[in-house]
Amino acid sequence: METGTISRLLQPTKVPSSSFSNFTSSSSIRCSQKRLMPACHSSHGGREINSDEREITVLSSEPTLKKSSVVGGLSLHRPVHKRDVVGKTFCSVGLSTYPGSIVESSSQTAEEKIGVLLLNLGGPDTLHDVQPFLFNLFADPDIIRLPRLFRFLQRPLAQLISVLRAPKSKEGYAAIGGGSPLRKITDEQASALKMALETKKVLANVYVAMRYWHPFTEEAVHQIKRDGITKLVVLPLYPQYSISTTGSSVRALQNIFKEDSYLSRLPVAVIEYWYQRQGYIKSMANLIEQELHNFTKPEEVMIFFSAHGVPVSYVENAGDPYRDQMEECIFLIMKELKARRINNDHTLAYQSRVGPVQWLKPYTDEVLVELGQKGVKSLLAVPVSFVSEHIETLEEIDMEYKELALESGIENWGRVPALNCTSSFITDLADAVIEALPSTMAMSTSTGTEEEVDNDPMQYFMKMLFGSLLAFVFLFSPKMVSAFKKNIL
């Protein structure tokens with residue numbers, strides 16, 4: 001068996017409509033997937049429309065309201081997948097709500113308690129945390145999307161990859177101080193957002209939920225429940241929507257909400273993406289303009305946007321709008337810069353690819369070499385998909401890509417800092433939250449058919465039997481083992 005077999009195993013499957021609406025209520029709040037939590041931590045495409053879908057009015061980041069077709073439950077609106085949209089605002093809708101009736105307090109005089117939940121990736125706090133963090137990352141079926149037949153291999157495969165990748169990853173985290181700064185920065189963003197809301201006369205508790213490390217989504221939701229929050233806005237700290245970021249984080253919320261009767265009645269709004277908001281666009285343009293002034297000849301600098309990549313199959317087979325939204329985002333930022341008489345050349349590339357599958361192109365490392373060969377001497381790197389400093393900016397861009405650029409003939413290197421707690425950025429996030437509040441609605445508790453199919457004993461037995469036979473061939477083929485080590489690690 002050749003390397004292509006691994007590629008086929010890692011191809012994404014389209015998310016069926018029913019997967020967004022399979023919810024039941026119970027007293028449990030436990031997440032269905034187990035994570036590695038060391039005891040030392042005590043911390044806080046196209047798709048078919050089914051008959052259960054309904055249209056609701058969703059809030060846009062622009063003044064106009066638009067209709068979106070969504071399924072019952074904690075659901076995400078995603079724009080229609082299409083190409084060649086650079087320069088066109090193909091969808092301004094950026095907020096999705098839970099269909100259903102708005103839950104009213106049992107007492108009209110009861111005090112409303114607003115909560116804001118920030119979603120982010122998370123990162124290891126220490127080098128000791130790297131391997132379990134990687135396990136949580138690769139155990140997510142939205143990161144390694146195995147076909148249904150092979151899903152029982154998700155955790156064993158995640159364990160194998162995390163153990164083998166940990167030494168190299170530890171080197172990267174050691175180079176930036178021994179751990180990820182993401183938790184500290186996100187906590188600071190939460191505090192800044194709380195203060196920004198207070199200046200706008202909105203009192204709210206702001207919570208942080210990390211997908212793959214502390215504080216986990218479950219920890220944040222427990223605190224939300226303990227605090228008696230009566231209205232919740234979910235704000236992913238990813239400007240653009242992707243299956244592997246916002247999609248994965250919201251599905252983690254689904255797994256928790258569906259098992260708790262209180263949470264299933266809690267009015268919630270999800271801000272899916274916000275890359276097109278003027279506050280974000282202007283904040284990015286401000287940082288770029290400031291950094292350009294550090295060059296001797298600012299007008300000659302190539303503006304180099306580097307975004308985190310995703311597998312091509314996510315976009316082309318599963319309908320992930322990430323590439324279209326990223327290209328639209330770059331167009332809007334450059335439009336703002338041109339309005340300021342900044343007419344530098346620019347380009348977009350994608351970084352952080354892993355594994356044997358095809359990722360979005362062009363690749364950052366390859367483009368840097370090409371630019372050097374073409375005679376580009378001054379370059380300003382812009383980490384456009386990251387709003388906080390972490391290993392992809394501090395180590396991958398600042399160290400690996402800078403070294404590669406200088407070796408390739410680029411003489412003057414600069415890098416735009418992540419937005420972090422930039423005041424104009426935080427203020428815009430506060431405005432987005434306030435705009436979302438009137439659209440909070442209670443989630444649906446309807447149950448789809450997919451879960452029933454998965455629970456069929458005979459089908460489960462047949463899938464396990466056939467999958468085990470294929471897994472035996474997959475794991476013990478010498479060519480496959482060699483390809484795994486070469487391409488996955």
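Glu336 touches Gln278, Ile281, Lys282 and Ala285, leaving aside residues up to four places away in sequence; contact means heavy atoms within 4.5 Å. Glu336 sits in helix H10 (residues 322-339). Helices (H or I, at least four residues) and strands (E, at least two) are DSSP runs, numbered from the N terminus. Glu336 counts as buried because its relative accessibility is 13%. Buried means under 20% relative accessible area, exposed over 50%, and partly exposed in between (1.4 Å probe, protein chains only).

The model is predicted: local features need pLDDT of at least 70, side-chain atom pairs count only at pLDDT 80 or more, and totals for chains, interfaces and linings use all residues. Residues are numbered from 1 along each chain as its sequence is written, and side-chain values use heavy atoms, with hydrogens and water left out.

Gln278 belongs to helix H8 (residues 278-292). Gln278 is partly exposed, at 44% relative accessible area. Its C-alpha atom is separated by 9.7 Å from that of Phe425, 147 residues apart along the chain.

Helix H8 lies across E8, E10 and E11 and runs at about 155° to E10. Axes are lines fitted to C-alpha atoms, for helices over the stretch in contact, and angles run from 0 to 180 degrees between N-to-C directions. An open sheet of four strands has the order E9-E8-E10-E11, with parallel pairing. Strands E9 (346-351) and E11 (412-415) form the edges, each pairing on one side only. Pairing requires at least two DSSP bridges between two strands. Strands E8 (residues 302-308) and E10 (residues 378-383) pair in the parallel sense over five bridges. Phe305 has Val382 in E10 as its bridge partner.
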